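Subject: Structure handover and findings

Hello,

Here is the structure you are taking over. Please open it, then read the notes below.

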Amino acid sequence: MTSDSQTWSQYWMAQGDAWHLSIFRILWNIFHIGFALYILRWTLLEFHLPTLPYPSLLSIFALQSWQWTVFLTGIHFVLGLLLLCGWNTRLIQVLIALSATALFFRTLSLYHNHYAFYLCITWYMTLVSSERFYSLDAYRKKRLLTKSDFSVWQHQPVALLGQRLILLQLSLLYMFAGLNKMDPSWFVRWSQTPELISLTQNSFVAVLWQYLLDARIAWIPLVCLIGLLLVLSVGVFFASRYPLIAFVGIGMHLIFDLILPVISFTEMCSIIWLFALFPIKKRGPLGPLFID
Amino acid sequence: MKIRLAPYIALCVLILHLSLGIRGLWQQDKNIFTQHPFSDPFLHCVVLSPSIEALPLQMYRGLRNTEFSSRIYLELLPAFKEGLQRYSQNDVEIRCTSLNENPARHFPIL
């Protein structure tokens, strides 16, 4: 039991190189900008309607007027650009998480699953030291320090807690998506969505699906999907050792996106899968035995 | 300091999301308006009001008609009703039927 809790503590207290954290900061910026545009568009379209407060304490965010929301959206957009440049990165990461929260919870009418996911990841990013590479902060540091000191600062191990929480979020998402699909009624309901109906009008998929139905094996791809989601929910923690897992995850999202495109979700998950590859862990000479 | 707190932060995040996820799974099929977002049901809805013309031309999430089919808005429909009610000061009802009840739209999956 003590050993388990030690392993748990060691995992979350781990430190590593910061390069991939900076890359993730730059890539995740796509969604800061996208979120600002999403909120701006719908706030302007719905400004004449009453806000729909979230329950309990969150209802405080509904006090924001639509004019303030438009202004805050502009702030969020600018914060996104500053984060892209890496100017006062750690502070901006906190400010952008705060503005995202205020914008997200203003009205229930703009609720979006994928932006709820975005909000969680943005909060975890406040724990990430992403300023060490490709940022104005790093440029400023370079001018202040000698070459060797700068190199030491840049390559100093940093806490990986933020990154690991992001992986945990993706893992939980897969786990519950897999568990939810174990209920056969999910497929019955889902079989009536416009997306699936349009999917079955695709000539290749329709023929394949009909074949599976005729052969009474249509359940096989569904069970495989559930299994894959559950395996990936664990596999996301091992992608830095087995890169193949990450490519399977990205492949799954690309296939989903080809047949059933979902707003930003493929991009979000694919970027997190790339993130999961780092810091790369070397495999030992005996394959499954690893050097940590 | 932050490093020492890391395992506890992770534990809190895990407990929070496990609770939310289990709540979502548990409530599924029990209350159509609080289903887990992943449940993706598909409904046909009609907005009813004695003075329907008093309702705004463009409603929440770009709904332009008082009759619509959607799955995106499922969790939001009770809130939409409240919002429209406040706008129109008339009794507003959003009546929805699951497309499960319409065999013509059913596509066999199993």
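First, a definition. A residue is buried under 20% relative accessible area, exposed over 50%, and partly exposed in between, using a 1.4 Å probe and protein chains only. By that rule Thr66(B) is partly exposed, because its relative accessibility is 31%.

Two notes on how to read this. This is a predicted model, where local features need pLDDT of at least 70 and side-chain atom pairs count only at pLDDT 80 or more, while totals for chains, interfaces and linings use all residues. Residues are numbered from 1 along each chain as its sequence is written, chains are lettered from A and ligands numbered from 1 in the order in which they are written, and side-chain values use heavy atoms, with hydrogens and water left out.

**The two chains**

Helices (H or I, at least four residues) and strands (E, at least two) are DSSP runs, numbered from the N terminus. Chain A has 14 helices and two strands. Chain B has two helices and three strands. Along the sequence, the pattern of chain B is α-β-β-α-β.

Chain A has 292 residues, and 50% of them are buried. Chain B has 110 residues, with 42% buried.

A contact means heavy atoms within 4.5 Å. Take the contacts in chain A with a separation of 6 or more: 78% join residues 24 or more positions apart. In chain B the corresponding figure is 59%.

Accessible areas come from the Shrake-Rupley method with a 1.4 Å probe; for residues, only the protein chains shown count as cover. Chain A exposes about 14,200 Å², and carbon and sulfur atoms supply 72% of that. Chain B exposes about 6,400 Å², with 59% from carbon and sulfur atoms.

Back to Thr66(B). This residue sits in the loop between strand E1 (43–48) and strand E2 (67–70) of chain B. Its C-alpha atom is 52 Å from that of Leu5(B), which is 61 residues away along the chain.

**Aromatic rings**

Rings of Phe, Tyr and Trp (its six-membered ring) pair if their centres lie within 6.5 Å; planes under 30 degrees apart are stacked, over 60 edge-to-face, and the rest tilted. How many aromatic pairs are there over all chains? The count is 24.

One pair is Tyr11(A) with Phe237(A), which is edge-to-face: 6.2 Å centre to centre, with 75 degrees between the planes. Tyr11(A) is in helix H1 (residues 2–13), and Phe237(A) is in the loop between helix H12 (219–235) and helix H13 (243–259), so the pair ties together parts 226 residues apart in sequence. Tyr11(A) is partly exposed at 25%. Phe237(A) is partly exposed, with a relative accessibility of 25%.

Another pair is Phe133(A) with Tyr134(A). Their ring centres are 6.1 Å apart and their planes meet at 50 degrees, so this pair is tilted. Phe133(A) is buried at 8%, and Tyr134(A) is partly exposed at 47%.

Ring pairs also build a cluster from Phe24(A), Trp28(A), Phe31(A), Phe35(A), Tyr38(A), Tyr115(A), Tyr118(A) and Phe275(A).

A charge sits over a ring if NZ of Lys or CZ of Arg is within 6 Å of the ring centre and within 35 degrees of the ring normal. Arg164(A) does this over Tyr11(A), at 4.2 Å from the ring centre.

**Pocket**

On a 1 Å grid over the protein atoms alone, a pocket is an open set of points with protein on both sides within 12 Å along at least five of seven lines; lining residues have an atom within 4 Å of a point. Grid points are joined across faces, edges and corners, and a volume is the space filled by probe spheres set on the points.

The second largest pocket holds about 640 Å³. It has 24 lining residues; Tyr11(A), Arg164(A), Phe237(A), Phe238(A) and Lys281(A) lie nearest its centre. H1 and helix H8 (161–181) of chain A are the elements that give two or more residues to this lining. Which element gives the most? H1(A) does, with five residues.

**A buried loop residue**

Glu131(A) is in the loop between helix H5 (113–124) and helix H6 (136–144) of chain A. Glu131(A) is buried, at 10% relative accessibility. Beyond its neighbours within four places in sequence, its contacts include Ser22(A), Arg25(A) and Trp153(A).

Best wishes

Notes. On a 1 Å grid over the protein atoms alone, a cavity is a set of points where a 1.4 Å probe fits but cannot get out, and a pocket is an open set with protein on both sides within 12 Å along at least five of seven lines; lining residues have an atom within 4 Å of a point.
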